[in-house]
Amino acid sequence: GHLVGGGGRLLGLSHNELVAFETDRALQDRIAERLSRDRRDATALALRGRRRLHRGEYEPAVADLAASFEARPDPGVRRLLVQALLDGLRFDYSRYADQATRLESLLDSPDEQLAFRRLRAAGLSRSGKVVEAFDEYLKLCHSADQKTTSTPQPPPPPQPPKLPNSA
């Protein structure tokens with residue numbers, strides 16, 4: 001493939017596609033311009049949050065993503081926010097434990113619920129909060145029980161017919 005920069009964009013050309021990317025400066029300018037017109041612009045907040053997340057600016061990224069989702073609930077922003085909050089719990093539970101309530105309200109899928117419960121239980125346990133950790137582990141067991149009981153079980157395989165005794 002070929003790469004070329006021009007007009008504030010980076011273009012990539014391969015045998016079957018052309019892809020364009022804004023430079024970081026152009027993206028920052030576009031975000032700033034949109035936010036100067038409307039400080040609650042959900043699209044600009046989501047872009048800035050995504051950019052900050054990629055740059056490792058975790059807390060401002062989460063704040064931007066949360067503000068974007070609050071202004072306009074978007075499934076893509078919700079997923080990114082959930083992933084960022086789960087990562088916060090995973091890598092530094094004690095620092096981000098206060099985000100657990102916000103995170104729990106955003107969980108949508110059983111997989112997200114399971115990841116949250118596991119991370120919360122492990123974090124509470126490492127923090128010495130044994131009783132709270134045990135409660136989370138119980139919730140994990142309960143959700144696993146619900147998952148197995150709510151899943152339809154296949155019928156048993158058919159039994160071969162009994163042959164009459166010839167004796």
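Analyst: Two strands pair if DSSP finds at least two bridges between them. The elements themselves are DSSP runs numbered from the N terminus: helices are H or I runs of at least four residues, and strands are E runs of at least two. This is a predicted model, in which local features need pLDDT of at least 70 and side-chain atom pairs count only at pLDDT 80 or more, whereas totals for chains, interfaces and linings use all residues. Residues are numbered from 1 along each chain as its sequence is written, and side-chain values use heavy atoms, with hydrogens and water left out.

User: Which elements does the protein chain have, and in what order do they run from the N terminus?

Analyst: The protein chain holds 3 strands and 8 helices. Their order from the N terminus is β-β-β-α-α-α-α-α-α-α-α.

User: How do the strands form a sheet, and is the pairing parallel or antiparallel?

Analyst: In general, strands of a sheet pair through backbone hydrogen bonds, either parallel or antiparallel. Here, the 3 strands make an open sheet in the order E1-E2-E3, with antiparallel pairing. Strand E1 (2-6) and strand E3 (18-22) are the edge strands, each pairing on one side only. Direction ignored, neighbouring strands of this sheet are turned by 20 degrees against each other on average; the axes behind such angles are lines fitted to C-alpha atoms, for helices over the stretch in contact, and angles run from 0 to 180 degrees between N-to-C directions.

User: What joins E1 and E2, and over how many bridges do they pair?

Analyst: E1 and E2 form a hairpin with 2 residues between them, and Gly7 in the turn has a positive phi of about 60 degrees. Their antiparallel pairing extends over 5 bridges. Val4 has Leu11 in E2 as its bridge partner, and Gly5 stands opposite Leu10.

User: How is burial judged, and how many residues of E1 are buried?

Analyst: A residue is buried under 20% relative accessible area, exposed over 50%, and partly exposed in between (1.4 Å probe, protein chains only). Of the 5 residues of E1, 0 are buried, so the strand lies largely in the open. Leu10, in strand E2 (residues 9-13), is partly exposed, because its relative accessible area is 37%. Across the protein chain of 167 residues, 26% are buried.

User: Which residues make a nonpolar surface patch?

Analyst: A patch is built from residues with over 30% relative accessible area and no salt bridge, joining like charges within 9 Å and nonpolar side chains (Val, Leu, Ile, Met, Phe, Trp, Tyr) within 5 Å. A salt bridge is a side-chain nitrogen of Lys or Arg within 4 Å of a carboxyl oxygen of Asp or Glu. Leu3, Leu10 and Phe21 make such a nonpolar patch of about 320 Å². Accessible areas come from the Shrake-Rupley method with a 1.4 Å probe; for residues, only the protein chains shown count as cover.

User: Where are Arg51 and Ser68 found, and which residues do they contact?

Analyst: Contact means heavy atoms within 4.5 Å. Arg51 is found in helix H2 (residues 42-54) and is buried, because its relative accessible area is 14%. Leaving aside neighbours within four places in sequence, Arg51 contacts Asp24, Leu27 and Gln28. Ser68 belongs to helix H3 (residues 58-71) and is buried at 2% relative accessible area. With the neighbours within four places in sequence again left aside, Ser68 contacts Ala42, Leu45, Ala46 and Val77.
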